[in-house]
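Here's a quick briefing to read alongside the model. Have the structure open and follow along.

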Amino acid sequence: MKEERNYIVLDDAEQGVVINCMMDKRNELIRDGKDTESVDDALLKVVQAPKKKVKVVERDESR
């Protein structure tokens, strides 16, 4: 069975927010003496994610 993947589009500011939140969670886990492996893996994916140019189409939400 093929693994399902999810994709999100973030600008640089949003990516920074995600990274900061994940670092806060990682630091909290370290403080509590808990394993950080899953957060580390996800953090690396966010930091190393390839950049792609995408066209953003604005939609009128009032319809």
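What follows covers the pocket, a surface patch and the salt bridges. Keep in mind that this is a predicted model. Its largest pocket comes out at about 950 Å³, and the structure holds three salt bridges.

**The largest pocket**
- There are 20 lining residues, and Tyr7, Ile8, Lys45, Ala49 and Pro50 sit closest to the pocket's centre.
- Helices H1 (12-31) and H2 (37-47) each put at least two residues into the lining, with H1 giving the largest share at three residues.
- Sorted by class, the lining has nine nonpolar, nine charged and two polar residues.

**A nonpolar surface patch**
- Val9, Val54 and Val56 make up a nonpolar patch on the surface, together showing about 310 Å² of accessible area.
- Val54 belongs to the segment after H2.

- Asp12 pairs with Lys51, with the closest N and O atoms 2.8 Å apart. That ties helix H1 to the segment after H2, across 39 residues.
- Both partners count as exposed: Asp12 has 57% relative accessibility and Lys51 has 64%.
- Arg26 pairs with Asp40, and here the closest N and O atoms are 2.5 Å apart. This one joins helix H1 to helix H2, with the partners 14 residues apart.
- Arg26 is partly exposed at 25% relative accessible area, and Asp40 is partly exposed too, at 23%.

- Lys25 bridges to Glu28, the closest N and O atoms being 3.5 Å apart.
- The two are three residues apart in helix H1, so about one helical turn separates Lys25 from Glu28.
- Lys25 is partly exposed at 39%, as is Glu28 at 34%.

Technical notes. Residues are numbered from 1 along each chain as its sequence is written. This is a predicted model: local features need pLDDT of at least 70, side-chain atom pairs count only at pLDDT 80 or more; totals for chains, interfaces and linings use all residues. Side-chain values use heavy atoms; hydrogens and water are left out. On a 1 Å grid over the protein atoms alone, a cavity is a set of points where a 1.4 Å probe fits but cannot get out, and a pocket is an open set with protein on both sides within 12 Å along at least five of seven lines; lining residues have an atom within 4 Å of a point. Grid points are joined across faces, edges and corners, and a volume is the space filled by probe spheres set on the points. Helices (H or I, at least four residues) and strands (E, at least two) are DSSP runs, numbered from the N terminus. Ala, Val, Leu, Ile, Met, Phe, Trp, Tyr, Cys and Pro count as nonpolar, Asp, Glu, Lys and Arg as charged, and the others, Gly among them, as polar. Patches are made of residues with over 30% relative accessible area and no salt bridge: like charges are joined within 9 Å, nonpolar side chains (Val, Leu, Ile, Met, Phe, Trp, Tyr) within 5 Å. Accessible areas come from the Shrake-Rupley method with a 1.4 Å probe; for residues, only the protein chains shown count as cover. A salt bridge is a side-chain nitrogen of Lys or Arg within 4 Å of a carboxyl oxygen of Asp or Glu. Buried means under 20% relative accessible area, exposed over 50%, partly exposed in between (1.4 Å probe, protein chains only).
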